[in-house]
Each structure stands twice: as C-alpha cells, then as structure tokens.
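Here are my notes on the model, as numbered points. Have the coordinates open while you go through them.

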Amino acid sequence: MNGKKIALCAPFSGPPGAEGRALKQTTTISPQALQRQREFCHQISEYNAARGKQPLALVDTYGCQQNEADSERLRGWLAQMGYRFTQREEEADVIVLNTCAVREHAEDRVFGNVGALVHTKHRRPSQIICLCGCMMQQPQVARRVRETYRHVDLVFGPHALWRFPELLWQALSRRVRVFDVEDEPGSVCEGIPQVRESGVKAWVSIMYGCNNFCTYCIVPYVRGRERSRRPEDILREVEQLAAQGVREITLLGQNVNSYGKDLPEAVDFAWLLEQINAVEGEFWIRFMTSHPKDATERLFDTMARCAKVAPALHLPFQAGNDRVLNAMNRGYTSREYLDKVAALRARIPNLALTSDVIVGFPGETTAEFEDTLALISQVEFDALFTFIYSPRQGTPAASMPDPLPMEEKKANFQRLLQAQNEISSRKHHGYIGKTLRCLVDGEGRDPRNNLTARTPGNRLVHLNGGKELVGRFVPLTITGATTWALFGRPSEEEPLCQKP
C-alpha cells in the first residue's frame, strides 16, 4: 500500500510492524453537536443584525503554529456569525486573545495587553472580551482572570474551542461572565469553519495533545492526551487546499511522529506523508514538531523518497548533556540524537535542520552547558530557537533545585547565541551564487525588496519583483546574505534540485 494514494473513506492496511498493537478510539464530536453550534452562529448573526450595524471582531494570537491554526477556526466561527475583522481594538465588538502557556514571557504579555483593554471596555461597555487558549486551561490563571480582570467576559480553554458559538451566545444574550475551563481529555471535531491567513500557505492539524510529559512542559496538561484525526479527513482537507492553489502545507502536531497510535487503522506518520505526497497539485509539504525519540529511519526514508516533502526538519534537542536530558524526560541521549542527524543527512544531504534549546534547566551547570555548545558545533544547525528556562507551575521541573544564578544562565545564553549566529551566517553566505526553486509567499516591508520567499529549506529570502509572483515557485539566484536572511533575484537559470 505504501506510496499509493488511498480513496477517501477506503479501508486501510498500514505500515510494516503496526499489526497487533494496542489502540484506543479517539473521541470525535458528532455532526449533530456541531450543527447545534451552527445554530448558535445563526442566533448571534440575527442578534447583531437587529442592532443595525456591521459587527467587527479582532483575534490576536500568541504562541505556536497550533495556536495560529486554532485562531483560523475562531475566525471561521466569527465569520459564520456575521462578523468582519479589524485590527483596531477600539472598533471591535468582540476581541479574542488566543493565549500561550509555554513560557512566562508570553503570559506576561497577555496579562499586560488584557489589562490595557479595560480602557476600551470603559469606552464601549457592550464590547465582549474573550480569553482562550492554553493559558486559560491552567486553574491558577483562570482564577486570576476571574478575580482581577473583571472586564473579561468569556474564558475558555483549547478543549472548548469547538463550542465557541454557544459560549459567546451566553455572554452576549445573558450578559454574564462565562468560564469554561474544565479539565477534559480532549476530542477531535471535524467541520469547524476556517478563515485562513494566507492563500499561499496553510496549516493542517493532523493531531492534538501530547503524551510525552517532558518535565518542563505544560502542554500535556493544557492540551490533553494525543488525539489523531482520521486519515480520510486529513486527506480531504489537503486535496481541497491543493485544488485551491495553496503552495505550502504544514502538518501540525505536538509530536507528529506519534500520529495514528490512537486510531483503529494501522497507520503512522510516515505512511500519512506518502498519502499526502500522492495528492495532485504543486505544493510543498512541511511538518512540525518532530520528537527525536520517535523519529525513525522509516520516516527519514519517506522524507527522502517523497518529492513534495521539503528538505527541512525541525528536530528539538533541548540540551546536549545526558543527565540534563534524562531530568527533562526527553527519552534519548545526545549520542542517539547525533546518530539520527547522521542518518538524516546521509539520505538528504541538502537538509536544512533547525532545533530548540533550553538554557538553564534546573540543576544544569555551566560544565553541562558546554555539552550543548559542543553538540551545536558538531551538528551545525541552520537556525536555533533558544530560550532561558521558564518555570511552569504544575510541572515537575518547577519544583527541582535550581542553584545556578540567573546571571550565569544569561551569560551561557549569550554564548549560545554567538555560536549559533556564526554558524547561521556562514551557512547563509554559502548560498550566495546558487539558484534555488523558491516559493514567493508574500509582500515585504522594505520597498527595495518588496517581496519575500522561502527556499526549500525554509530560509527567508528578500527580493524585488512584481506582485504577480506571489504564490508562484520561482528560480531565485541568491545575491546576498545576513545571519537571519538571504537576498535574491528572479533568474532564468535552472534551480538546484530540491532532493538529492
């Protein structure tokens, strides 16, 4: 079956070795329950029509790509309710802040911004202010909002997103504060409308939740256990996007490598990639995030074999010291991570590899941090997303001893940035003179380089050209580089091959 496109709703065989494993059925919201939400949309539309003006909504997103995808669903519901969209808080009838709980800095930004909204609410008492997303699933946060931010009308967590119309109707019609932050296992809901940010790129969530319980991470507590969407639903969405001319489809999951483990069909993520690769259309496939402990050579072989799968991978390693990795509950050693990188590059020599790193995990010494620097030097990532450890209440790491002074953590963090910036700059300058098949994905802010594009490895390229290039794959000759971006021009030259 591998390598062949399945018909929608067809029976599934599956990948090698999948037979006989223990599975559980993912809970799915029924069509009848979703239809009830559409009826609430109609009620809200009629409610707004009776007021005699076009209602406006603002959705502001914090955090990861999964949150961005959730915000597209929130906008989808709002559009069905008759709302149009604005970026001005003062003119919005409904404001939705979709929040992130991964780091303290993101939470501080949310609280600062929601505090400032008391002024717009004072000028427009009828304005409905909603807080949703991962932050709100934390009991201490919901309690703080209830007690301190009394101008907030509606609070709900990720599990209740599918019921947003019903919750908003309660806040509108009854003029009461509504809180829906119950601790639930989560579910999968198909058919929620979406308003996508771009016609060139699209997010496609293939699963929700996480079972890994890294000791520093709040995600499993706020997004619940892993739930996979049915393959036929994912493929139907991808086919629709490809037919609409979307050129880049990014598959999302807290750990995409765990896809399918909770489904009755014997399917896995590598198998899913093959099916999506077989969908007709000209588009790239990207995915994130991929957990190293579950990244297999079968996946690497599939990436190399499938022409539409972009030669790029985000593979977070978090720390280079084995004691720290064990304390993080990451499930692999630094040697195992390096072996996976070697296996990947043997199959895809032009792979662009990015990663996440946490500096200053509780108990990490500067001597142990040197192992992180050594791993970075050996792998030479194209880019890193780097963070100083941020304690999350309710996670095991938050109660671990942490004797290293913050000043020393910050000094280590600066050393990390310097090391990676030198690598990124060198790699970017190595592109100069090469011609690559790139996707022109939007307009830039600099009139000298009015367009932006992405290489197959997802490197940002600034260029100058006509707006008709947006949404097209174009050969670009790279003419310049900085640490963080490339510069190019459209070319008649034959681009380098995407795959070896």
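1. H8 is largely enclosed by the rest of the structure, because 9 of its 9 residues are buried. Buried here means under 20% relative accessible area, exposed means over 50%, and partly exposed is in between (1.4 Å probe, protein chains only). Helices (H or I, at least four residues) and strands (E, at least two) are DSSP runs numbered from the N terminus. The buried set runs through Phe-269, Ala-270, Trp-271, Leu-272, Leu-273, Glu-274, Gln-275, Ile-276 and Asn-277. Their cover includes helix H7 (231–243), E10, E11 and helix H9 (297–305), judged by contact, meaning heavy atoms within 4.5 Å.

2. Before going on, some bookkeeping. This is a predicted model, in which local features need pLDDT of at least 70 and side-chain atom pairs count only at pLDDT 80 or more, while totals for chains, interfaces and linings use all residues. Residues are numbered from 1 along each chain as its sequence is written, and side-chain values use heavy atoms, with hydrogens and water left out. As for pLDDT, the predictor's confidence in each residue from 0 to 100, the chain averages 92, and 94% of the residues score at least 70. Over residues 1–23 the pLDDT is below 50, yet this stretch has 50 contacts in the model beyond near neighbours in sequence. Where pLDDT is low, the predicted coordinates should not be read in detail.

3. Next, Asn-255, which sits in the loop between strand E10 (248–252) and helix H8 (269–277). Asn-255 counts as buried because its relative accessible area is 0%. Setting aside neighbours within four places in sequence, Asn-255 touches Met-207, Asn-212, Glu-226, Thr-289, Ser-290, His-291 and Asp-294. A polar atom of the Asn-255 side chain is 3.2 Å from the backbone nitrogen of His-291. Asn-255 and Met-288 are 33 residues apart in sequence, but their C-alpha atoms are 7.3 Å apart in space.

4. Met-288 also belongs to a cis peptide bond, joined to Thr-289 with omega about 0 degrees. Thr-289 is in the loop between E11 and H9. Two residues to check for backbone geometry are Phe-213 and Glu-380: Phe-213 is not a glycine but has a positive phi of about 55 degrees, and Glu-380, also not a glycine, has a positive phi of about 55 degrees. Most residues other than glycine have a negative phi, and most peptide bonds are trans. Phe-213 is in the loop between strand E8 (207–208) and helix H6 (219–223), and Glu-380 is in the loop between helix H12 (366–379) and strand E14 (383–388). Phe-213 is partly exposed at 30% relative accessibility, and Glu-380 is partly exposed at 29%.

5. In strand E11 (residues 284–288), have a look at Arg-286. Is Arg-286 buried or exposed? Arg-286 counts as buried because its relative accessibility is 8%. Its side chain has a polar atom 3.0 Å from the backbone oxygen of Thr-455. Beyond neighbours within four places in sequence, the contacts of Arg-286 include Glu-248, Ala-310, Arg-454 and Gly-457.

6. Helix H5 (residues 164–174) is mostly covered, with 8 of its 11 residues buried. Among them are Phe-164, Leu-168 and Trp-169. The cover over the buried residues of H5 includes helix H1 (31–50), helix H2 (65–80) and strand E3 (94–99). After H5 comes Arg-175, with a positive phi near 55 degrees.

7. Finally, cysteines. With a disulfide taken as a pair of cysteine sulfur atoms within 2.5 Å, the count comes to 0 disulfides. Cys-189 is in no disulfide either, the nearest cysteine sulfur being that of Cys-41, 12 Å away.

How values were computed. Polar contact = N/O pair within 3.5 Å; in protein donor to acceptor, adjacent residues only side chain to side chain.
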